[in-house]
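Dear colleague,

Please find the structure below, together with its sequence. A short account of the findings follows it.

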Amino acid sequence: MCPACRSRLRIRTSEGQTPCFRTVYYECTSLVCGAKFSGSQTIEFQLSPSGLEQPLIKLPLAPHAERMQALRFSQPDTDQIDLFDTEESSHA
């Protein structure tokens with residue numbers, strides 16, 4: 001979100017500084033605003049371990065609460081009722 005006008009931002013380009021740090025360049029999608037920004041993107045934790053025997057980098061595992069939040073955000077938004085939630089509530 002553009003800090004100047006609240007329109008969508010898009011990443012124009014980014015530059016890798018290290019395996020876990022990038023400099024990112026953004027631009028506002030509003031033709032009237034057109035602001036440009038730079039920022040950074042950092043990878044700090046693993047949410048789940050790599051399946052490789054010898055990964056190139058090993059990061060600390062994220063705290064439990066952060067992993068659970070990431071799991072919730074990775075699920076598609078749906079209004080469909082979960083079968084397991086229905087089963088648990090009917091047996092209570």
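**Salt bridges, a threonine and the cysteines**

Arg-12 forms a salt bridge with Glu-27, and their closest N and O atoms are 3.6 Å apart. Arg-12 lies in strand 1 and Glu-27 in strand 2, so this pair ties together parts that are 15 residues apart in sequence. Salt bridges that share partners join Arg-10, Arg-12 and Glu-27 into one network. The term salt bridge denotes a side-chain nitrogen of Lys or Arg within 4 Å of a carboxyl oxygen of Asp or Glu. Strands (E, at least two residues) are DSSP runs, numbered from the N terminus.

Please note that this is a predicted model, in which local features need pLDDT of at least 70 and side-chain atom pairs count only at pLDDT 80 or more, while totals for chains, interfaces and linings use all residues. Residues are numbered from 1 along each chain as its sequence is written, and side-chain values use heavy atoms, with hydrogens and water left out.

How many salt bridges does the structure hold? The structure holds 2 salt bridges. In the one between Glu-27 and Arg-10, the closest N and O atoms are 2.8 Å apart. This pair also links distant parts of the chain, with Glu-27 in strand 2 (residues 21–28) and Arg-10 in strand 1 (residues 9–18), 17 residues apart. As a general point, side chains of opposite charge can pair when their charged atoms come close.

Glu-27 is buried, with a relative accessible area of 12%, whereas Arg-10 is partly exposed at 41% and Arg-12 is exposed at 53%. Here buried means under 20% relative accessible area, exposed over 50%, and partly exposed in between (1.4 Å probe, protein chains only).

Strand 2 also contains Thr-23, which counts as buried at 17% relative accessibility. Leaving aside neighbours within four places in sequence, the residues in contact with Thr-23 (heavy atoms within 4.5 Å) are Thr-13, Ser-14, Glu-15, Gln-17 and Gly-39.

Finally, the structure holds 0 disulfides, a disulfide being a pair of cysteine sulfur atoms within 2.5 Å. For Cys-2, which is in no disulfide, the nearest cysteine sulfur is that of Cys-28, 3.8 Å away. Cys-2 counts as buried at 0% relative accessibility. Cys-5 is likewise in no disulfide, and its nearest cysteine sulfur, that of Cys-28, is 3.5 Å away. Cys-5 counts as partly exposed, at 30% relative accessibility.

Yours sincerely

Technical notes. Helices (H or I, at least four residues) and strands (E, at least two) are DSSP runs, numbered from the N terminus.
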